[in-house]
Each structure stands twice: as structure tokens, then as C-alpha cells.
Amino acid sequence: MAGSAAVAAPGPSAPRRLNVNVGVLGHIDSGKTALARALSTTSSTAAFDRAPQSRARGITLDLGFSCLRTPLPPHLGPGPGELQLTLVDCPGHASLIRTIIGGAQIIDLMMLVIDVTKGMQTQSAECLVIGQIACQKMVVVLNKIDLLPEGKRQAAIEKMTKKMQKTLENTKFQGCPIAAVAAKPGGPEAPETVNPLGVSELIEVLKSQAYLPTRDPTGPFLMAIDHCFSIKGQGTVMTGTVLSGSVSLGDNVEIPALKVTKKVKSMQMFHTPVTYAMQGDRVGVCVTQFDPKLLERGLICTPESLQTIYAAVISLKKIQYFRGALQTKAKFHITVGHETVMGRVMFFSPAPADFSKEPLENAFDFEKEYLYQEEYLSKGSKSSEENKENDQTGEGQLPRQQWALLEFEKPVTCPKFCLVIGSKLDTDIHANTCRLAFHGVLLQGMEDKNYVETFLPKLKVYKLKHKEGQVERVLDDYSVIGRSLFKKETNIQIFVGLKVKLSTGEDGVIEGGFGQSGKFKIRIPNGLKSDTKVFLTVPSKKKSKAGKGDAAKEDESSKVDSAQPVTINLLFKRYVFDTQKKMIQS
């Protein structure tokens with residue numbers, strides 16, 4: 001989530017406190033949690049992996065939160081004040097990517113932690129992709145420098161720094177600061193008395209990169225909950241990060257997952273009582289008692305401000321590191337808001353004439369017509385090659401905006417216009433490949449369970465159909481008989497009245513079937529051109545050489561010479577969600 005200044009407001013005379021959310025991301029075992037611990041001055045209830053299974057396994061399973069407080073640097077405004085860097089420690093394990101995506105939406109500044117002895121690894125690359133989608137600024141931290149022999153340490157750090165600069169060249173983080181540290185020299189077993197290396201320098205880098213994130217207290221309140229517990233005699237506390245809007249003491253908040261509304265009794269930010277919190281703040285909200293086991297993580301919001309949807313239209317872009325095509329009808333893990341569910345996709349683009357039109361932000365126009373695509377159009381995709389052949393789009397031109405219809409296997413609850421990420425999380429986690437396939441914005445959710453009948457017919461996505469047949473013979477100046485356009489069993493009646501074009505240039509209209517074998521009659525309202533008539537009735541020279549008799553026979557039957565047939569082209573559109581399957585011609 002993008003990060004006006006997020007200021008805690010315990011009272012009018014309190015000094016200014018600016019909160020910036022710093023995501024700690026990286027491959028498993030790169031030392032993220034150790035780094036968060038070395039940086040933190042205050043940990044929250046959700047800090048450092050309270051889950052017993054993660055302590056036992058030594059890996060982070062959930063988002064951990066802690067914070068570092070430091071005097072407000074001069075570039076963030078005059079006067080006394082405090083900069084609070086809330087560290088969001090994201091799990092690095094591949095199977096937990098959905099938790100990372102959930103965390104990425106609340107991050108203003110990202111620390112990408114790299115094991116200096118290993119460099120970029122699969123999940124570090126995925127974290128970089130998520131950062132590019134969800135975050136504005138990044139700092140790279142080369143960790144575990146204590147594992148480099150002292151004599152060669154500086155040279156090894158410089159070599160890895162150059163390598164990382166090269167990796168980031170074509171990303172939005174080009175030229176970002178790179179710091180080298182050892183968060184826990186000697187590894188997890190080392191005594192607590194061992195001092196980290198390079199951490200105070202890293203804090204200076206983080207302070208220099210901190211900025212006033214754009215925060216907006218208006219609009220409906222929405223908060224991502226990552227921890228829930230009860231306090232005897234007080235109520236149930238939900239801790240999390242405010243994604244949008246603001247909340248005050250006494251407000252009612254809805255817990256959509258439990259379908260209940262509760263009143264806010266008290267609030268705290270890192271052990272300090274507050275009466276107000278806004279977008280970007282990390283806060284604990286105490287409400288009237290309920291069983292905390294029912295809500296380990298999820299969303300709370302202004303009553304009735306979230307939608308539960310069965311399908312959605314999104315605007316999307318393919319992630320460049322994803323190998324392989326994005327195909328219509330394929331299934332992806334779809335992360336919407338803070339939920340990840342399986343969903344099926346159907347891709348569509350603007351009509352070819354609109355390929356270069358300016359993309360429409362946060363809106364979808366149901367009045368317009370859209371072209372169905374077998375796959376997302378990108379350089380070298382099948383559909384884009386086809387479009388080039390049909391010459392509908394100019395020279396291999398790609399549309400500036402593309403969309404997908406997502407149909408979820410189970411309904412999801414999410415805010416409007418939220419971030420959507422499609423991934424293939426079932427890919428082997430040991431394969432060195434990016435599993436994130438596309439990202440986008442939810443433009444229109446479908447809240448009706450029967451959306452297939454009620455909603456989809458409004459979506460004007462069409463397929464272009466092209467059929468080709470041949471003129472078999474001339475009937476008279478204004479009509480010809482055609483063949484090979486339909487199968488024997490086709491009901492030609494449904495095509496009556498459709499326009500066709502002959503390869504010789506005449507326009508015609510299908511009048512009806514002719515005989516039993518799929519042949520049909522075409523009326524040519526402006527009459528056949530004399531050249532065409534001659535062409536269709538005069539036999540070829542080869543035939544006439546065979547003898548006058550043969551040529552005469554050929555002439556009588558007015559059969560067309562098959563070496564150069566006159567083709568009949570039938571073009572029409574069919575809307576994908578039209579229950580009557582009508583054929584439309586412009």
C-alpha cells in the first residue's frame with residue numbers, strides 16, 4: 001500500500017510522529033528476522049514470530065511487526081518530532097508468498113535482504129517483483145558479511161554490490177542504496193552479547209530514504225488484521241495496519257468474516273494510547289469481547305463498505321519475469337485484497353481500432369466492445385501473431401491496456417479498486433522460476449451469485465469469425481451458387497441475410513440453401529461485374545486445348561475452373577456471453 005504524513009494523535013501538544021512502513025523481504029534464510037530484531041527498539045505483540053512452530057523451525061511463518069524510533073530527520077520537516085519506522089518482517093518461504101503479497105500492500109519502503117554469500121535467489125527475485133508492483137522505494141541489504149573472510153571481505157562486498165546494481169538496472173529501483181551488514185554475527189547460535197555489524201549505518205540509510213508517504217484519512221476505514229487476542233475484563237484486541245480511511249474511539253467497525261459489528265473501546269500504537277488512527281498507521285484496536293480464535297487475520301472496516309464477490313473484471317499487466325503464456329481458461333492463484341483463492345481467467349483487449357487509446361484508470365466502460373483473446377497479448381504471443389496476419393492492428397501493435405474476467409472458485413471479500421496478483425503457486429518451489437504471472441486493479445466486482453445470467457451478458461466481448469467458401473457456378477447476372485462455406489449438417493437458415501464478399505470485389509447476401517449438400521445461393525444486389533462473369537464462365541486455355549467438345553461442355557455447365565476459384569468471404573462477430581449466439585455484422 002502506498003504510504004499525508006501518518007501522525008499519531010494522542011493529544012494536541014504531543015510531538016509529531018511520522019510512521020513509515022518498512023517491509024523486510026528476501027529469500028528464506030537470508031536473515032530477515034535477525035535484521036528486524038537488530039533494528040528494532042520496540043516490538044509489537046505480533047513481532048518476531050510468536051508462532052511456536054516458527055520458533056521451532058527457525059523460520060518466519062507470518063508477518064512480524066516491530067518498530068524503530070529515531071529523531072525526525074531534517075528533510076522530513078522542521079521542529080522536534082519522531083520518525084517511527086514500522087518493520088514488517090515478511091516470510092521468505094516460497095509457500096508463504098500469499099502472506100508476503102498481503103504484507104506488500106502496506107509497505108512504503110522495502111528492504112530487500114540478500115545473503116551476501118549467495119546473491120539473488122528465486123524468492124529474492126519474486127520479492128523484487130512484488131516490490132515493483134506495490135512499493136515506491138527500496139534499500140538492498142547485503143547480510144551475513146561476517147561469513148566472508150576478513151582479508152577478502154571488502155572486495156567480496158564490492159563485487160556483490162556491482163552485481164546487484166546490474167540486476168536493478170531495468171527496474172524502478174535502479175540506483176537504490178545498497179548497505180552491507182551482519183545482523184547476527186556468528187549465526188542464530190551466537191550469544192546475545194554479540195554486536196551486529198553495519199546496522200547503525202543502515203539506520204542512517206533508512207532515515208535518508210524515509211519520505212512523507214501520501215496518506216488519506218478520508219473514505220471508508222479499512223484495516224488489515226494480523227493478530228488477535230483478548231484481555232480479561234477489557235475486550236478483544238485486533239492489531240494491524242490501517243489500509244485506508246481513519247478510525248476514532250467510539251466508532252463502529254465491521255468484521256466481515258464474522259458478519260458482526262463491534263464498537264471501538266480503546267486504541268494503542270506501540271504501547272501508547274491514542275484516540276485516532278489513519279491510513280498507514282500500525283495500531284491495536286480493542287473492541288467488545290469475542291473469541292479471538294475466530295479471527296487470526298483478516299479485514300475490519302466501516303460497516304458495509306466491503307464487497308463479497310464471485311467474479312471480477314480487472315485491468316492487468318503481465319509480469320515480465322513470468323515464463324510462459326497467460327492463457328484464457330487457465331487457472332491461477334488470485335490474491336485479491338488479503339485473500340488468495342483459485343480463479344479462472346478470460347483475457348480480452350480493446351477492439352483493434354482502439355489499441356492505441358489512452359488506458360482508463362479505475363473505471364471500466366460497459367458501453368464499449370472488446371475483442372476476446374485466447375491469451376494475453378504480448379510480444380510473440382499467438383493471438384498477437386494472428387492479429388498481425390489479420391492486419392487488424394497495424395504492424396504487430398499491442399494494445400495499451402488489456403483486461404481479464406476472473407471467476408473465483410469461492411467468493412472473496414475485498415475493497416473496490418484493490419490490487420490483484422495472479423500467480424502459479426503450485427509451481428515446484430525448487431524450480432528457479434518466477435511464479436508471479438500478472439498484476440492488476442479490480443475495476444468491477446460481481447456480487448450476485450448468479451452473475452453468469454445477470455451480469456455477464458452486459459460484458460460485450462466478441463469473437464471474430466471468418467468463414468471462406470467458393471463460387472461453384474453462376475445462376476444469372478444477379479446470383480451465384482456457393483459451396484464449402486458450411487458443413488452438410490449446418491442449418492443454413494440462421495445465416496440467411498448475412499453479407500458476404502467475393503474475392504473479385506462484389507458484395508453479396510446469403511439467400512438460402514441450394515440442394516442437400518450444404519450449397520447455397522447468394523444474391524448480388526449490384527450484379528456481377530462483366531469481368532467476373534467472363535472469368536466464371538470461360539474455361540481455362542488448358543481445357544480448350546483438350547478439344548472443342550470438352551470446352552463446349554465446360555461452357556454449358558458454367559462450372560468454375562478450380563485452378564483459380566473465386567472465394568466467398570463471410571465475416572461476423574459473436575458475443576461470448578450472448579445466450580442467443582447471434583451473429584453480428586457491422
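Start with strand β22, residues 419–423. Four of its five residues are buried, so β22 is mostly covered, going by the cut-off of under 20% relative accessible area. Keep in mind that this is a predicted model.

Which strands pair with β22? One is β18, residues 331–336, which runs antiparallel to β22 over four bridges. Look for H333 there: S423 in β22 stands opposite H333. The other pairing to note is with β23, residues 436–446. That one is antiparallel too, over five bridges. Within it, V420 has G440 of β23 as its bridge partner.

Now the charges. Side chains of opposite charge can pair when their charged atoms come close. How many salt bridges does the structure hold? There are 18.

Take D115 and K144. Their closest N and O atoms are 3.7 Å apart. Buried or exposed? D115 has a relative accessible area of 3%, so D115 is buried. K144 comes out at 23%, so K144 counts as partly exposed.

Next, R435 and E126. Their side chains form a salt bridge at 2.8 Å, N to O. Where do they lie? R435 is in the loop between β22 and β23, and E126 is in helix α4, residues 122–134, so this pair ties together parts 309 residues apart in sequence. Both R435 and E126 are buried.

One more salt bridge: D365 with K368, at 3.8 Å, N to O. D365 has 25% relative accessibility, so D365 counts as partly exposed. K368 is at 35%, so K368 counts as partly exposed as well.

On to the rings. A pair of aromatic rings is described by the distance of the centres and the angle of the planes. The structure holds 14 aromatic pairs.

Why is F348 with W403 called stacked? Their planes are at 15°, with the ring centres 6.0 Å apart, and that angle makes the pair stacked. The cut-off for stacked is under 30 degrees. This pair also links distant parts of the chain. F348 is in strand β19, residues 339–350, and W403 is in strand β21, residues 402–414, which puts them 55 residues apart. F348 and W403 are both buried.

Compare F366 and F455. That pair is edge-to-face, 5.5 Å centre to centre, with 80° between the planes. F366 lies in the loop between β19 and β20, and F455 in the loop between α8 and β24, so parts 89 residues apart in sequence are tied together. F366 has a relative accessible area of 18%, so F366 is buried. F455, at 14%, is buried.

Now put those rings together. F348, F364, F366, Y370, W403 and F455 form one aromatic cluster.

Last item: charges over rings. K424 lies over the face of F332, at 4.5 Å from the ring centre. K463 does likewise with Y372, at 4.4 Å from the ring centre.

That's my tour. Thanks.

Note on methods. Residues are numbered from 1 along each chain as its sequence is written. This is a predicted model: local features need pLDDT of at least 70, side-chain atom pairs count only at pLDDT 80 or more; totals for chains, interfaces and linings use all residues. Side-chain values use heavy atoms; hydrogens and water are left out. Buried means under 20% relative accessible area, exposed over 50%, partly exposed in between (1.4 Å probe, protein chains only). Helices (H or I, at least four residues) and strands (E, at least two) are DSSP runs, numbered from the N terminus. Two strands pair if DSSP finds at least two bridges between them. A salt bridge is a side-chain nitrogen of Lys or Arg within 4 Å of a carboxyl oxygen of Asp or Glu. Rings of Phe, Tyr and Trp (its six-membered ring) pair if their centres lie within 6.5 Å; planes under 30 degrees apart count as stacked, over 60 as edge-to-face and the rest as tilted. A charge sits over a ring if NZ of Lys or CZ of Arg is within 6 Å of the ring centre and within 35 degrees of the ring normal.
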